[in-house]
Amino acid sequence: MFKHDKLNLYLFIALVGLQVLGVIGLCTQFQWHYLPIMLTIYFWAGISTTLYLHRYLTHRGFEMPGWLRFFFATGSAIALSGDPVTWVGDHRYHHLKSDTDEDIHSPLHGFPYAHMMWLVRKPPGFRDRSLRYAADVRKFWYCRLWERPYFYIIPHLCVAALFYFTMGWAGLLWCLYVPMLVVYNFTWAVNSICHMPSLGY
C-alpha cells in the first residue's frame, strides 16, 4: 500500500547520513575512554525507545514519574529516534494493521521497506491520520514541542557540540553516531527481521 509512495528525499538523506557517520566512526581510531560514554548513549537511546516510546507511551504498560518521562524523552531526542507523538501514532496504527498490506512497515513489501524505507515513504496525510492515535501523548508539553523538527533536533545538536569540543571529531563519531547506528538498526530489525515470514516470526 505505501511502498510506492513518493520518497521523502530530505529524510532519506538525513537517515543515511546519520548511519554513514557511524560507519565513518568505526574507521577512525578508537580510544578506550570513549567506551563508557558510548555505552551510556547506547543504553539511554535504546531504553528510551524500547521502554519509554514503546512500552510506556504506546502501550501504557506501566507508570513512571514525570522526571523520568522527561529523561527518557530527551534520550530519544538526542538519538533522533523519532518525535514521541509521531512514533506512538505510527506504532499504534501498525498494531491495528499488523503485517497486512495496510501496515505502515509491512513485511509484505520486502525487507528494505520493512527495515527502513517505510520511514521515508509515508504518503501525504498519513501523519494526520496517525496523530489521531496519539492524542494522549500531546498532553506532555515537550512531546508537543518536539513535533516541530527545529526544536526536536536541539538536544541532539547540544550533545554533538559537547562531544566535538571536548573529544574532537573521532570522539563525536564514536560516542554519538556509532551507538546511534547500532540502536537504529536493532530497532528497525524488530519491524524487518522479526516480522519477515521467511526468517521466522
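A pocket here is an open set of grid points where a 1.4 Å probe fits, with protein on both sides within 12 Å along at least five of seven lines. Keep that in mind as you work through this predicted model.

**Exercise 1. Describe the largest pocket: what is its volume, and which residues lie nearest its centre?**

Solution. 
- Step 1: Start with the space itself. The largest pocket has a volume of about 1,500 Å³.
- Step 2: Turn to the lining, which is made up of 49 residues. Nearest the centre of the pocket you will find Ser81, Gly82, Asp83, Leu119 and Lys122.

**Exercise 2. Find out which helix gives the most to the lining of the largest pocket.**

Solution. 
- Step 1: List the helices that each supply at least two lining residues: H1 (9–26), H2 (35–58), H4 (84–96), H6 (126–131), H8 (149–152) and H9 (154–191).
- Step 2: Pick the top contributor. That is H9, with eight residues.

**Exercise 3. Locate the nonpolar patch on the surface, then decide whether Phe165 is buried or exposed.**

Solution. 
- Step 1: Assign the patch to helices. H1 and H9 each supply at least two of its residues, and H9 gives the most, with three.
- Step 2: Take Phe165, which lies in helix H9. Its relative accessible area is 68%, and exposed means over 50%, so Phe165 is exposed.

Technical notes: Residues are numbered from 1 along each chain as its sequence is written. This is a predicted model: local features need pLDDT of at least 70, side-chain atom pairs count only at pLDDT 80 or more; totals for chains, interfaces and linings use all residues. Side-chain values use heavy atoms; hydrogens and water are left out. On a 1 Å grid over the protein atoms alone, a cavity is a set of points where a 1.4 Å probe fits but cannot get out, and a pocket is an open set with protein on both sides within 12 Å along at least five of seven lines; lining residues have an atom within 4 Å of a point. Grid points are joined across faces, edges and corners, and a volume is the space filled by probe spheres set on the points. Helices (H or I, at least four residues) and strands (E, at least two) are DSSP runs, numbered from the N terminus. Buried means under 20% relative accessible area, exposed over 50%, partly exposed in between (1.4 Å probe, protein chains only).
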